Amino acid sequence: MNETDNGNSWLPLIVIALASFIIALDATFMNVSISQVVADLHTDVSTIQMTMSFYTLITAAFMLLSAKLQDIVGKKKLFLIGTALYGVGTFTAAISSSSTMLFIGWAAIEGVAGALMLPATVSLVSGSYSGEKRTVALAIVGVMGAVAAAVGPLFGGIMTTFFSWRYGFAIELVVVFVILIMKNKIPEFEPTESRSDLDITGAIISLIGLVLLVLGILSLSKEFTTSIGVIVVALIALAIFAYYERRRKSNGQVPLLDMDLFKDRNLRTGTIILLLSYLSMGGALFAVSLYLQSVLQLNAFDTGLTTLPMTIGLLVFAILAPSLTGKLSHKIVMAIGCIMAIAGCLILSTQFRLDTTTLTLMPGLFVLGSGLGFLMALCTDISLSNIPAESQNNASGVNSTGTSLGESMGTAIIGIILILGVVGGVSHAVDVYAPEYSGNETFHMQVIDQFQKVGNINDLKSDHTVVEIVNIIIQDAMAFVMQITAVIMGIVFLLTLRLENANIKKQ
């Protein structure tokens, strides 16, 4: 084992960061390409959206099993197996001739491959570097997923507008080849457990629990009551999993997940922070992108350009964050990031109207991205700061699962909040312009139906009253989304105060 032999080289980090980037990019770049994919594959929108959702679902569901397989197969070997499998999946997706073929390549093969790779990206970096380099390396890997998610719409817009959505997958395949060519730059890590130690029963229970949880979350905006039922069943399954794992360990057997890890406050709190941060980022991006395309009628490329300041803020402040930890603790820098993110949300909450320009939105998006950059860059490092070396693989799986769940939850939960915001906006508009119908639910539903038929300001012609009504609805709906996002970031701020300013490993 030569974890520190490459400690003076950034090449292992570059290879691993590339993997983090393409896995996260896959979950977002096709958002702006759906209509073209539907036309090319002769399918429908719901089928492509289902494929996108299942990619996230499969990745999240296999995360805990993948984390344990690192101990049995070896983290580098598992990472490379996942990378090769990812190449097969992205090639299949690129040459897809049907929606079924796209599902197999993208959702099934790439989903499993991403699950094999993600926990290993964290544990490989954690084992390859120490001290300040470890903080910098984990910051870069930790934020690469967020940067990829934010830049996805622009990347997808360029591919779709000037080339083809297939080139997006083709470029990922090129990155896979680069990773495999540079595989010798990643240090070796010997397995610490045998195949007989694999907890198959625990793996099945966790898989069922996580699949149901993500499935319930993804369908929240469609079948709310059914989704809540599925989520409750999922939580029961995960509770059974936790009980089974404790029993297994008490009987002297190796558990799939050592539940004692959750006794560590930083890991427990840090994972929740990652979940909520990715939820906020994904949800905000979804709401803003929907507004830009549905209200301002921007194309995929211009939508990506408008959200680019968020990406720039994420990347710049993530790179800056580790250098501040010499003067300020991780905890303080992350708390500052929360305050900045809240400020960004509050700025954005006042900006959404029919006559809004893209330039108007950029300052708020930059501030929000900058705050998230501070937060995400240091969260993984402090989460793992007290975890012993032999438990790093398990802990990295917990962290990665939190991140994946946050990404999955963002669109679904913010989608519901957006619907509630529209309902509230309609109520406000009726109170102002038709107070005699304030308590009339039928009238409210008619207004909502009419609002959904409005594409942009050009559809409203010269009717000033209708313009003002739609403005109120849009303002209230988007303001509600940003205010709720600010509240979530406020909760994250309180959670950062619970982190222990432990000495980040310097050896």
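**Entry 1: helix α11**

I began with helix α11, residues 265-294, and checked its length: at 1.5 Å a residue, its 30 residues should span 44 Å, and the end C-alpha atoms are 43 Å apart, so the two values agree. A reminder to myself before going on: this is a predicted model.

Next I asked how much of α11 is covered, and I found that 23 of its 30 residues are buried. Then I looked at what caps the N-terminal end of α11. That turned out to be aspartate 264, with a side-chain oxygen 3.2 Å from the backbone nitrogen of asparagine 266.

**Entry 2: threonine 90**

I moved on to helix α5, residues 75-94, where threonine 90 sits. Is threonine 90 buried or exposed? I read a relative accessible area of 0%, and because buried means under 20%, threonine 90 counts as buried.

I then looked for partners of its side chain. The side chain of threonine 90 makes a polar contact of 3.3 Å with the side chain of glutamate 172. Setting aside neighbours within four places in sequence, I listed Glu110, Phe169, Glu172 and Leu173 as the residues in contact with threonine 90.

**Entry 3: methionine 310**

My next stop was methionine 310, in helix α12, residues 300-324. Methionine 310 also has a relative accessible area of 0%, so I noted it as buried.

Which residues touch methionine 310, leaving aside those within four places in sequence? I wrote down Met281, Leu285, Leu365, Phe366, Leu368, Gly369 and Leu372. I also checked proline 363, which is 53 residues away from methionine 310 along the chain; their C-alpha atoms are separated by 8.8 Å.

**Entry 4: the cavity**

Last, I wanted to know how many cavities of 30 Å³ or more the whole structure holds. The search finds one, and the largest cavity has a volume of about 310 Å³. Of the 21 residues lining the largest cavity, those closest to its centre are Leu118, Gly145, Tyr278, Thr403 and Glu407.

I traced the lining back to its helices: α1 (11-26), α3 (45-61), α6 (99-128), α7 (131-162), α11 and α15 (392-433) each supply at least two residues. Here α11 from my first entry came up again, as one of these helices. Which helix gives the most to the lining? I found that α15 does, with five residues. Sorted by class, the lining of the largest cavity has nine nonpolar, 11 polar and one charged residues.

How values were computed. Residues are numbered from 1 along each chain as its sequence is written. This is a predicted model: local features need pLDDT of at least 70, side-chain atom pairs count only at pLDDT 80 or more; totals for chains, interfaces and linings use all residues. Side-chain values use heavy atoms; hydrogens and water are left out. Helices (H or I, at least four residues) and strands (E, at least two) are DSSP runs, numbered from the N terminus. Buried means under 20% relative accessible area, exposed over 50%, partly exposed in between (1.4 Å probe, protein chains only). A polar contact is a pair of N or O atoms within 3.5 Å; within protein, one must be able to donate a hydrogen and the other to accept it, and residues adjacent in sequence count only if both atoms are side-chain atoms. Contact means heavy atoms within 4.5 Å. The expected span of a helix is 1.5 Å times one less than its number of residues. On a 1 Å grid over the protein atoms alone, a cavity is a set of points where a 1.4 Å probe fits but cannot get out, and a pocket is an open set with protein on both sides within 12 Å along at least five of seven lines; lining residues have an atom within 4 Å of a point. Grid points are joined across faces, edges and corners, and a volume is the space filled by probe spheres set on the points. Ala, Val, Leu, Ile, Met, Phe, Trp, Tyr, Cys and Pro count as nonpolar, Asp, Glu, Lys and Arg as charged, and the others, Gly among them, as polar.
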